[in-house]
Amino acid sequence: MSAIASSSSSAPQPNPGGIITQPPPPSTLRESRIATHSHIKGLGLADDGTAMDFSQGFIGQNLAREALGLHLSLLKLGRHSGRPLLLVGPPGTGKTALALALSQELGSKVPFCAMVGSEVYSGEVKKTEVLGGCFRRAIGLRIKETKEVYEGEVTELTPSEAENPLSGYGKTISHVIVGLKTVKGTKQLRLDPSVYEAIQKERVVIGDVIYIEANTGAVKRVGRSDAYASEYDLEAEEYVPLPKGDVHKRKELVQDVTLNDLDMANAKPQGGQDIMSVMGQLVKGGRTEVTDKLRKEINKVVDKYIEQGVAELVPGVLFIDEVHMLDMECFTYLNRALESPLSPYVVLASNRGICTIRGTEYDGILGSSSEGIRSPHGIPIDLLDRCMIVKTSLYKKEEIKRILEMRCKIENIQITGEALDKLAEQGEKTSLRFVLQLLTPSNILNKTKTGATGGGVSMEDIEELNDLFLDAKRSTGILKDLESLENKY
């Protein structure tokens, strides 16, 4: 029987260089039922690359979607790393939705990191460090390892107790007997007590399918054996088939991790390299800067793994919204980072025209007033020259109407045709965002008046809401009228 090394749980194992290369545990994020862009499933392109009128949640912006489709082809060929894409257009024209659609098209295995330009301003770490962390978060590493494992359905789980040698009171676990069964046969293992701790943390019981790594003793619960599928009428459990082959086998494991995960796992080692230590490092309060020296060491290990064929680099997408909020220092760092061999695909978005670049307002003689350097979209010319620029345009009335119809269907809102035309006309004059925000309040108002069996949102409901809420243009007009009255008197 092969001896199994002891380990308290699924431990990230360092290579000889001391760099942790196993990813942290995946986070379980609960997704909202309805969000701003929850209906976006892709770019909605036909096979020939032309934009369809309504597909995958997208309506309108045909030229922008076709441009991103061509950009997507370059990304899939791996020929566009380091060349940023800039989305420009008025507010509420779908720039963020286009970036999210691009990430949907690339798939869940490709890292996607979204940030807003103002996120870089922190009192804990430098601006360039925040940008550097986002760059590393958008670069994935797919590690393929062939490991010697014991896999099967648990048929026996018997801990053996012995007297505690350190004190005369109580007992301790000396070893544990685990029986594993596959389609081909069964095997009984005598395991170290620390492996039993890992089994307890995974909450393994008889009937579960698990695998144990022979070299590290790491335990992973795969699921419940499908032989117990009819045990309960209702159970929140994932059932898996009985493993094939022998209990003792060699298995190829694929792990997806980002370079930022490796940075964080190695930045603050606290005396242990088990999974709990890594989790403690990731969830501990405060932010720690990762030194360039550590990143270079990690890059060396990553390059070595890629050369050996053990790992594969997966460039992801870094989306920086409101890019005009970055200052000159950040833009200078972006220029350097885009030229790095380890660079993700960068998508920028801005809704500004000609404006001042942040950080250049006070260039000049001390005490003198300066407007700073003015540039298109608030981006320096040298970075702008690197970008492929895609323009988004304002939505037309028919497009707004179709978007409203889709959102009403998603949110289960009944609305009359007259009210829908009124909202579409209002959206063309004000903004798409404003009329979308009126949908749910109008539905609540209608149900309050007519009850659950009402005929849907009517014109009267829309007019009443217009009395209650102001759009940006009407609010601006009121303020200008007040200002003119003050100047008059």
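**Group meeting: strands, a sheet and a charged patch**

Helices here are DSSP runs of H or I with at least four residues, strands are E runs of at least two, and both are numbered from the N terminus.

Before I go on, this is a predicted model, so to speak about local features we need pLDDT of at least 70, side-chain atom pairs count only at pLDDT 80 or more, and totals for chains, interfaces and linings use all residues. Residues are numbered from 1 along each chain as its sequence is written, and side-chain values use heavy atoms, with hydrogens and water left out.

Which residues form it? They are Glu-418, Glu-460, Glu-463 and Asp-467, and Glu-460 is found in helix 13. To get into a patch, a residue has over 30% relative accessible area and no salt bridge, and like charges are joined within 9 Å. The areas are Shrake-Rupley with a 1.4 Å probe, and only the protein chains shown count as cover. Asp and Glu count as negative, with the charge placed at CG of Asp or CD of Glu.

Five strands line up in the order 4-13-14-3-17, with parallel pairing; two strands pair if DSSP finds at least two bridges between them. Strand 4 (112-116) and strand 17 (388-391) are at the edges with a single partner strand each, so one side of each has no neighbour in the sheet. From one strand to the next, the twist averages 20°, using axes fitted to C-alpha atoms and angles from 0 to 180 degrees between N-to-C directions. Strand 3, residues 85-88, runs parallel to strand 17 and is joined to it by four bridges.

Next, the hairpin. Strand 8 (residues 208-213) and strand 9 (residues 219-225) pair in the antiparallel sense over five bridges. Five residues sit between them, and Gly-217 in the turn has a positive phi of about 80°. Val-209 stands opposite Gly-223 in strand 9.

What links Asp-208 with Arg-224? A salt bridge, with the closest N and O atoms 3.0 Å apart. The pair joins strand 8 to strand 9, 16 residues apart. The structure holds 19 salt bridges, each a side-chain nitrogen of Lys or Arg within 4 Å of a carboxyl oxygen of Asp or Glu.

Last one: strand 9 also pairs with strand 10, residues 239-240, in the parallel sense over two bridges. There, Ser-225 has Val-240 as its bridge partner.

Definitions and conventions. Patches are made of residues with over 30% relative accessible area and no salt bridge: like charges are joined within 9 Å, nonpolar side chains (Val, Leu, Ile, Met, Phe, Trp, Tyr) within 5 Å.
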